[in-house]
Amino acid sequence: MSEKKSFKGRIIAKGTVQADALVSHGGLNTLASFQKALQFGDKTATCGDQNNPDLYGKQMAGKALCLPQTIGSTTGGLVLYCACSMNRQPACMLFSKPIDSLAAAGAILADVWLPDVSMPVIDSLGEEFLEYVKDGMKISVLEDGVVEVE
């Protein structure tokens, strides 16, 4: 029987979901990571950021993307919104640190403007969360901002 560990964060975009974890210990450059998905029709959103060895070449669509923060271009929010509008978004985004304003804007606008799309976003889950979670672990995002990892 597998053990569940729970982490409580702040809800940025509401929702519940279950998905397999995909973990980055470095910042997510949203533009570099999602460029193939947005420009070239990659429906699995294969990470194109060769500067992120944790994610490069891995499918991000439908995964519980666990990361410290986003980095890079001021287009970050628009990139997340576009990924959601094209249905190529992660199942959820789970930040160990407080979310930056650009990623928050993209997640919130997608939540408000795209009624048929869900991408729960929780931030401030803490360093222990990012140290504990590993690729492929089962993630459950609950309604109250609790994230269960097993």
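## The largest cavity

Ala13, Lys14, Cys84, Ala107, Ala110, Asp111, Val117, Ser118 and Met119 line the largest cavity. Here a cavity is a set of points, on a 1 Å grid over the protein atoms alone, where a 1.4 Å probe fits but cannot get out, and lining residues have an atom within 4 Å of a point. The model is predicted, and totals for linings use all residues, while local features need pLDDT of at least 70 and side-chain atom pairs count only at pLDDT 80 or more. Residues are numbered from 1 along each chain as its sequence is written, and side-chain values use heavy atoms, without hydrogens or water.

The lining has 6 nonpolar, 1 polar and 2 charged residues; Ala, Val, Leu, Ile, Met, Phe, Trp, Tyr, Cys and Pro count as nonpolar, Asp, Glu, Lys and Arg as charged, and the others, including Gly, as polar. Helix 3 (residues 101-113) contributes the most to the lining, with 3 residues.

## The fold

The protein has 4 helices and 10 strands. Both are DSSP runs numbered from the N terminus: helices are H or I with at least four residues, strands E with at least two. From the N terminus on, the order is β-β-β-β-α-β-β-α-β-α-β-α-β-β.

## Extent and burial

The C-alpha atoms fill a box of roughly 40 × 30 × 25 Å, taken along the principal axes. Of the 150 residues, 48% are buried, that is, under 20% relative accessible area with a 1.4 Å probe, protein chains only.

Among contacts (heavy atoms within 4.5 Å) with a separation of 6 or more, 80% join residues 24 or more positions apart.

How values were computed:
On a 1 Å grid over the protein atoms alone, a cavity is a set of points where a 1.4 Å probe fits but cannot get out, and a pocket is an open set with protein on both sides within 12 Å along at least five of seven lines; lining residues have an atom within 4 Å of a point. Buried means under 20% relative accessible area, exposed over 50%, partly exposed in between (1.4 Å probe, protein chains only).
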